[in-house]
Amino acid sequence: LEDEERSLAEQIQLPAESVVANLRGDLRALETAARRDAAEREQVTRRTGIVTERIEEETVETQRLNEAIQHTDSRTGSLQQDYDGAREAREAAQASLDDRAQDLDAARMAVATATARVETIDAALDGLVDETARTIAESADGVAGPVATALDAPTSIAPAVDAALGAWRDAYLVTDDDALAEAARRVKAEATGGVGFVVAHESTNTDAGEVARRFGVERLIDRLGPDADLAVAETFLGNVVLCEGWQTASAIVREHPTVVAVTPEGDVVTSDGMIVAHPDGAGPAALESARVSLEIAERELQRVSSLHGTAQRDFDVARTKERAALEALEATEAELAGYTEALGLVQRATTASHDEIARLQARLQALDEAGATRDGRLEVLRERVEDFEGEEAERQAALEALNERREAVATQRDAARRSVEAVAARKASIAERLRLCEHSLGIVEQ
C-alpha cells in the first residue's frame, strides 16, 4: 500500500505523458511479477506432488514396520518364555550339581577316613604275625581264609569280636582235621610259625541265649553281618554275650561262669577275670571290618562320582541351552529395537513431509491471493493508461480518479499500519507473559 501510495503521489505530480509512461512501467512490472509467480506456482505444484508420493511411500513403510514390530514382539514373548524355562532348568541342574559335589566330597572324605583306619589298624598289627607263615598257610589246600573274614563283623562290634576270639583271632579256618594237619606240616617244614588253624564244629551251647534274654542283652553272633558263617560263629562265639558296659558284663559272668561277656570297646570278662581292651581296638576282625568299610566307601565313591559326572553333563547341556536361548532372545530384542528406531525415523520424516506440504499449500494460497490482487491492479492500470491516452476531459477525469485512488490507498495504509501496531503490541504482551511463565517455571523446578 505504501509503494502504491508513493507511486500514485508521484504520478499526480507528473505531466500526462510522464504519467502514462509511469503507468506503463508499473504495468510491465506487474506482468513480470505475474510470470514469475506462475513459474513459482508450477514449481510448488510439482514439489507438492513429489512430497505427496513420498508421504504415501512412508505410510506404506510405517505399516510394514508396525507389522514387523508386532510379529517380532510376539516372537520376543515366546523366546522370553523359552529363556525363562532354560534358566530354571539350568538353576535346577546347578543345584543338583552342587548337591552331587557335596556328596562327592563326603564320599572322598569317607574313603580317606576308611583308608586311614585300615592303615592304622594294619600298622598296629604289623609285626604281630609272621607274614611268611601266613603266606604258606593261605596257599595250603583246605584253608578257607581267616576266621575274622568268615564272621563278617560290622565295624561297631569288630573290637568285641576280636576280643571274644582271643588267641584264635589270627587263625585260619580249614575245612577238616586232615586239612589242618597238612597245613601245619607245611608251615613246620618251612621252619616258620606264629599262625593258627581251626576247624568249625557244631555247637549246642544254649546258655548264652538264655542269659541274653534274662539280662536284656544280645548274643554276639546275633550282631554279625548277613554274610557271617553261622557254624564258625557258633564254634567260637556261641557262648559270648554283648554288653554295653563292663560292670554289666561282670555281673552276668558272676552268675553264669560258663558265659563270656564282651563290650563293644573290646573288654572281655570271663570267670577267670577281665581283660581291658586297648584304646585303638586293633585286631584281625577290626582290620577286616575296616577293609570292608573301605570297599563300601570306594564303591559309594564310584557311584557318587558317576552321579556327579551325570549331573555335570546335565548342567553343561542346560547351560548351553540357556546361553542359546539368551542369544536368541537378545538378537530378537535387538531386531525389535531396530524396527522401533526405524519406525521413529519414518514417523519423523512423515511429520516433516506433512509440514512441508502445509508450507507449500500456504505458499500456493499466498501466490493465489497475490495473483488476485495483482490482476485487479493490472486491470486498473490498463484502464488508466487508456484513459490518459484519450481526450483531455477524459485525462482530467483520469487524474481525479488517480487522486481518489491515492487517497483510498492512503486510508487503507493507515488502517494497515494501525493493525500492524496492534498486532505488534499484542505480540509484545504475549512475549512478556511467556517470559514471566518461564521464570515462574524455573523457580518451581528449583
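Which residue forms a salt bridge with D368? The partner is R41, with the closest N and O atoms 2.5 Å apart. This is a predicted model, and the points below walk through its salt bridges, a sheet and a nonpolar core.

**Salt bridges**
- The structure holds 18 salt bridges.
- D368 sits in helix α10 (residues 284–388) and R41 in helix α2 (residues 16–125), so their pairing ties together parts 327 residues apart in sequence.
- D368 is partly exposed at 39% relative accessible area, and R41 is partly exposed at 34%.
- R90 pairs with E322, the closest N and O atoms being 2.7 Å apart; R90 belongs to helix α2 and E322 to helix α10, so this pair ties together parts 232 residues apart in sequence.
- R90 is buried, with a relative accessible area of 18%, and E322 counts as buried at 10%.
- Salt bridges with shared partners join R47, R54, E58 and E356 into one network.
- Within helix α2, R64 and E61 are three residues apart, about one helical turn, and their side chains meet in a salt bridge (2.7 Å, N to O).

**Sheet**
- Three strands form an open sheet in the order β1-β2-β3, with mixed pairing.
- β1 (143–146) and β3 (197–199) are the edge strands, each with a single partner, so one side of each has no neighbour in the sheet.
- The twist averages 35° from one strand to the next.
- β1 and β2 (residues 172–174) run antiparallel and are joined by three bridges; V143 has V174 as its bridge partner in β2.
- Helix α6 (residues 177–189) packs on the sheet and touches β1, β2 and β3.

**Nonpolar core**
- The largest nonpolar core has 26 residues; V147, L151 and V161 are among those with the most contacts inside it.
- Helix α5 (158–165) supplies the largest share of this core, five residues.

Conventions:
Residues are numbered from 1 along each chain as its sequence is written. This is a predicted model: local features need pLDDT of at least 70, side-chain atom pairs count only at pLDDT 80 or more; totals for chains, interfaces and linings use all residues. Side-chain values use heavy atoms; hydrogens and water are left out. Two strands pair if DSSP finds at least two bridges between them. Helices (H or I, at least four residues) and strands (E, at least two) are DSSP runs, numbered from the N terminus. Axes are lines fitted to C-alpha atoms, for helices over the stretch in contact, and angles run from 0 to 180 degrees between N-to-C directions. Contact means heavy atoms within 4.5 Å. A nonpolar core is a set of buried Ala, Val, Leu, Ile, Met, Phe, Trp, Tyr and Cys residues joined through side-chain atoms within 4.5 Å. Buried means under 20% relative accessible area, exposed over 50%, partly exposed in between (1.4 Å probe, protein chains only). A salt bridge is a side-chain nitrogen of Lys or Arg within 4 Å of a carboxyl oxygen of Asp or Glu.
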